[in-house]
Amino acid sequence: MQGFGVDIGGSGIKGCLVDLDQGRLVGDRLRVETPQPSLPDPVCDVVAGIVGSFGWTGRVGVTFPGVMKHGVAHTAANVEKTWIGTDVDALLDQRIPGTVETLNDADAAGIAEMRYGAGRDKDGVVLMLTFGTGIGSALFVDGHLVPNTEFGHIQVDGEDGERRASAAAREREGLSYPEWARRVDRYLDVLEAGVWPDLIIVGGGVSKKADKWVPLLSTRTPVVPAQLQNDAGIVGAALAAHERPDVVSTPPNG
């Protein structure tokens, strides 16, 4: 069974066919630079172009870097603020022949990890965190998504957690992995106090180098790296288009 997913980011827009049985991309993904400025119409044109280049006419899942409710963007991280209040579903429906399902990008990545990756068959409270320009989050309770959590913005020692603990903060301040791990540790301490997860999955580009920092964490919660890495958003979007987003993460026999 195949689906199609598109992942909108601040620097690039990626799309591909997805094998929904295996949770992997079919062939090579197509990546197009995000138009600058990243206004709604040109970005949606790129999304439609990516879908059209594959000749796909079925349901399409599309991630967005912000809070999404009923197809409308309520925040806009790393894209133009004119997205806020935009009916993204409607804009895409005008351009794409198949039915479009939009959702938050971290939620999509979490959905993929819960079905196919590090969270597969995990019950209880599972927290997926993506470390990049900011910190994205996806929360699952017994396999069910609690959409649009924004845990990157929780206050840690008087400022946004992502301001100090994102991957961008590590690069911006030239932190070594041990130095950065201490910041991540403090961020996770605050999260644990409020959420009490049973498992934390860490994604984003830094998950490829998990051996350099995950073992340094002192959290009471087990922390494991994401398995789908940069493909998670596309895979999760395609799955969300195929099934309702609030139930897609439920284990197949759950």
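Packing here rests on contact, meaning heavy atoms within 4.5 Å. Buried means under 20% relative accessible area, exposed means over 50%, and partly exposed is what falls in between, all with a 1.4 Å probe and the protein chains only. The helices (H or I, at least four residues) and strands (E, at least two) are DSSP runs, numbered from the N terminus.

A word on where this comes from: the model is predicted, so local features need pLDDT of at least 70 and side-chain atom pairs count only at pLDDT 80 or more, while totals for chains, interfaces and linings use all residues. Residues are numbered from 1 along each chain as its sequence is written, and side-chain values use heavy atoms, with hydrogens and water left out.

Now step back to the whole thing. The protein has 7 helices and 14 strands. Its radius of gyration is 17 Å, close to the 18 Å that the globule rule gives for 254 residues, so the protein is as compact as a globular protein of that length. That radius is taken over C-alpha atoms, and the rule is 2.2 Å times the number of residues to the power 0.38. Along the principal axes, the C-alpha atoms fill a box of roughly 50 × 45 × 30 Å. Of the 254 residues, 56% are buried. Looking at contacts with a separation of 6 or more, 62% come from residues 24 or more positions apart.

What about the outside? The protein exposes about 10800 Å², and carbon and sulfur atoms supply 48% of that; the areas come from the Shrake-Rupley method with a 1.4 Å probe, and for residues only the protein chains shown count as cover. As for charge, there are 23 positive and 34 negative side chains, and the centres of the two sets lie 5 Å apart. Lys and Arg count as positive and Asp and Glu as negative, while His and the chain ends are not counted. Each charge is placed at NZ of Lys, CZ of Arg, CG of Asp or CD of Glu.

Some of these charges pair up. The structure holds 10 salt bridges, each one a side-chain nitrogen of Lys or Arg within 4 Å of a carboxyl oxygen of Asp or Glu. Take Arg29 and Asp231, whose side chains meet at 3.5 Å, N to O. Arg29 lies in strand 3 (residues 24-33) and Asp231 in the loop between strand 14 (223-225) and helix 7 (232-242), so this pair ties together parts that are 202 residues apart in sequence. Both partners are partly exposed, Arg29 at 33% relative accessible area and Asp231 at 28%.

Another pair is Glu173 and Arg183, which meet at 2.7 Å, N to O. Glu173 sits in the loop between helix 5 (167-172) and helix 6 (177-195), with Arg183 in helix 6, so the parts tied together here are 10 residues apart in sequence. Glu173 is partly exposed at 39%, whereas Arg183 is buried at 17%. Elsewhere, salt bridges that share partners join Asp41, Asp45 and Arg95 into one network.

Which charged residue is buried yet has no salt bridge? That's Asp107, and the nearest side chain of opposite charge, Lys69, is 9.7 Å away. Asp107 is found in helix 3 (residues 105-116). Leaving aside its neighbours within four places in sequence, Asp107 is in contact with Ser137, Ala138, Phe140, Leu145, Pro147 and Asn148.

Finally, a few spots in the backbone deserve a look. The peptide bond from Gln36 to Pro37 is cis, with omega near 0°, and Pro37 is in the loop between strand 3 and helix 1 (40-53). His70 has a positive phi of about 55° although it is not a glycine. You'll find His70 in the loop between strand 5 (68-69) and strand 6 (72-73), exposed at 80% relative accessible area. Trp196 has a positive phi too, about 50°, and is not a glycine either. Trp196 lies in the loop between helix 6 and strand 13 (199-203) and counts as exposed at 56%.
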